Amino acid sequence: MSQQISIPTLAEMIQEGKKPEVLFWVGCAGSFDDRAKKITKAFVKILHQASVSFAVLGAEESCTGDPAKRSGNEFLFQMQAMANIEVLNGYEVQRIVTACPHCFNTLKNEYPSLGGNYEVVHHTQFLKGLLEDGRLKVEGGQFKGKRITFHDPCYLGRANNEYEAPRNLLHKLEAEIVEMKNCKQKGLCCGAGGAQMFKEPEKGNKDINIERTEQALEKQPNIIATGCPFCNTMMTDGIKNKEKEASVQVMDVAELVAQAKDL
Amino acid sequence: MTLVPNIIFAILFFTGIAIFAKNVKKIIRNIRLGISENRSDQSSLRWKQMIRVALGQSKMVTRPIAGVLHIIVYVGFVIINIELLEIIVDGLLGTHRVFAPYLGSFYNVLIASFEIFALLVIVAVFFFWTRRNMVKLKRFLNSEMKGWPKTDANLILYIEVILMTLFLTMNASDFWLQTKEVANYSLAGSFPVSQFISPLFDGLSVASVVAIERTAWWLHIVGILFFLNYLYYSKHLHIILAFPNTYFANIQPKGQLSNLDSVTTEVKLMMDPPADPYANPPEDQEVAKFGASDVMDLSWVQLLNAYTCTECGRCTSECPANQTGKLLSPRKIMMDTRDRLEEVGKNIDTNKGCFVPDGKQLLNDYISQEELWACTSCNACVEACPIGIDPLSIIVDMRRYLVMEQSSAPSDLNNMMSNIENNGAPWPFSPMDRLNWKNEL
């Protein structure tokens, strides 16, 4: 990148007397996981390109508490939530975008009754908004005519009824969207939700991500698109297990948009 | 003219209703064993949900074959039950086809449509039976379906066929008697289906056909009263409970789990420095139990869910854990909850209204930890349920008990949680490194 993208923290921005349009909630995966960090970087490149004024919390961000809550540890969840709400309310945050559907769901649905009321959007919804406002232009580029299948993240789809925003973006890439036999409301989980990401699966005859990968491969896609860092990990592992890394890529919708724009 | 049949009818009818009412009261009492949960908000949205999902069967048709067959039986059931009104009036007053003179030609339309639906129901039930017993659909063969659940499902189908056959036999013999101009059998009704059965009676005496007509009439109504009382012991309760269940079903986004108020109180206390952590709690405040280990810890909505479950298994067939051979089956979670609730209810009955601890609970005795830890919280089961049952909420409540009361989470999850506690992330990274990616741009 020739041009340096600045990633201000909210603290820095407010110190300068500025207020960002939106807070980018990076999430733990987006901050620490090597694969997910690529999604984070792709997303900020798009934000920069579209001249969106944004900030991050940096060291002030902490786990939303989603995996703790879904493990049953309501104490830990609420401790995390209240600490985060204190930070967010302290900065008078109104609008949050995140590339993680788990953070999205928790911030949007589970923080309000604890005192955290924000407009929370998933990054695919945010990007779709930028397109509609004419702030972002997306054309097919290298993905024109490619077969792409979209794996619905449970916490974006069933949990929050958003099926169209990611598909709209893929459509803009002029890609051939192929749907798996289980998609949208009937989408099969990647196997990571409910804190399964952090534990060994229970006894069974197959791993869930393998089942899902097989469903995706049935469609012979060039790319499996995701909208969740955990789905991304699970599907990437599935593709490795099937030794298809050479022919099938697993990419976040934000990465696809950024690459199509040569960012 | 004797009043004996009227009296016998009245006794049978009111006894049938009374036993049913007694069981309904028991169901309501058992559901009330659950903890309170407010589901009386946004009533117009709830009515709409009930009309769309229960009355309109909107979620049944996501599986077109089962959906269409079910709608036939459902509509048939509702329509044919209009005839029940006439049967009851006839039975109590000793009349015969009492509505016919008042409804004129519309009566013919009604009877004709009942007959057509009766035939359609028999056909649909035949397909249902083949799906269960010949086609061997996977979702009907899970381990929780062995024994009574399988028998129950087939019994319902047999009872439906018997009732419809009795109804058509009753009409066929009635039609035969009408055409022979037998006294009391004045021309009434139109019989598009049973007119093809009535020639079977040719050659019989009038008295024998009257006997057949009366027998079919009596067995039909007795069968209906039996079926009504069978509901309490059967998954078939859904024909009633689907309505309240869809009304009270969750209307929030599916991803939203409840925030436990009892935890909020404690967390606020912990995060409030001036609060005295050693202060005695107010006298009247009971120590809250976190999560659920037994049915009494679940909410009344979850218990209503359990009674409403029809054991169709759509949840289980969509469950990613079940599809990949794990022990978890969301349908079993619901069936176990109902079985345990029934057990608790019986305990209360035998102990004069008081539950005496029986050394059992829903957790471990019915639902194992392995099942609970297999869930990905993906909501596929909730989405799949045609009548708004939420197995996931029970799984989460039981996980809450395991973690907060028993500290018995799988060790990997304990690591994840201590990472969150110490570093604010599920992995052991320093919070100060959160923005390191910025330097890699």
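Two residues are in contact if their C-beta atoms, placed from the backbone, lie within 7 Å. Helices (H or I, at least four residues) and strands (E, at least two) are DSSP runs, numbered from the N terminus. This is a predicted model, in which local features need pLDDT of at least 70, side-chain atom pairs count only at pLDDT 80 or more, and totals for chains, interfaces and linings use all residues. Residues are numbered from 1 along each chain as its sequence is written, while chains are lettered from A and ligands numbered from 1 in the order in which they are written.

**View 1. Helix 9 of chain A and its packing partners.** Helix 9 of chain A spans residues 208-217. Its buried residues are Ile208(A), Asn209(A), Glu211(A), Arg212(A), Thr213(A) and Ala216(A). A residue is buried if 20 or more other C-beta atoms lie within 10 Å of its own, exposed if 12 or fewer, and partly exposed in between. Within chain A, these buried residues pack against strand 5 (147-150), strand 7 (223-226) and helix 10 (229-241). They also pack against helix 12 of chain B.

**View 2. An open sheet of four strands in chain A.** The strand order is 6-5-7-8, and the pairing is parallel. Strand 6 (176-177) and strand 8 (249-252) stand at the edges, each with a single partner strand, so one side of each has no neighbour in the sheet. Strands count as paired if DSSP finds at least two bridges between them. Strand 7 and strand 8 of chain A share four bridges. Here Ile224(A) stands opposite Val250(A). Helix 8 (residues 164-172) of chain A lies across strands 5, 6 and 7, running at about 175° to strand 5. Helix 11 (residues 253-260) of chain A lies across strands 7 and 8, running at about 90° to strand 8. Such angles run from 0 to 180 degrees between N-to-C directions; axes are lines fitted to C-alpha atoms, for helices over the stretch in contact.

**View 3. Strands 1, 3 and 4 of chain A.** Strand 1 (residues 22-25) pairs with strand 3 (residues 95-98) in the parallel sense over three bridges. Strand 3 pairs with strand 4 (residues 119-122), also in the parallel sense, over four bridges. Val97(A) is the bridge partner of Phe24(A), and Val121(A) is the bridge partner of Val97(A).

**View 4. Helix 10 of chain B against helix 1 of chain B.** The axes of helix 1 (residues 4-31) and helix 10 (residues 300-308) come within 9 Å and cross at roughly 140°. The two helices are therefore oblique to each other. Angles under 35 degrees count as roughly parallel, over 145 as roughly antiparallel, 65 to 115 as roughly perpendicular and the rest as oblique. Ile27(B), Asn30(B) and Ile31(B) of helix 1 meet Trp300(B), Leu303(B), Leu304(B) and Tyr307(B) of helix 10.

**View 5. Helix 10 of chain B against helix 13 of chain B.** The axes of helix 10 and helix 13 (residues 330-350) come within 8 Å and cross at roughly 100°. These helices are therefore roughly perpendicular to each other. Helix 10 contributes Gln302(B), Leu303(B), Asn305(B), Ala306(B) and Tyr307(B). Helix 13 contributes Met334(B), Thr337(B), Arg338(B) and Leu341(B).

**View 6. Asn184(B) in a loop of chain B.** Asn184(B) is in the loop between helix 6 (148-179) and helix 7 (206-230). With 9 C-beta neighbours inside 10 Å, Asn184(B) counts as exposed. Thr95(B) is 89 residues away in sequence, but 8.8 Å away in space, C-alpha to C-alpha.
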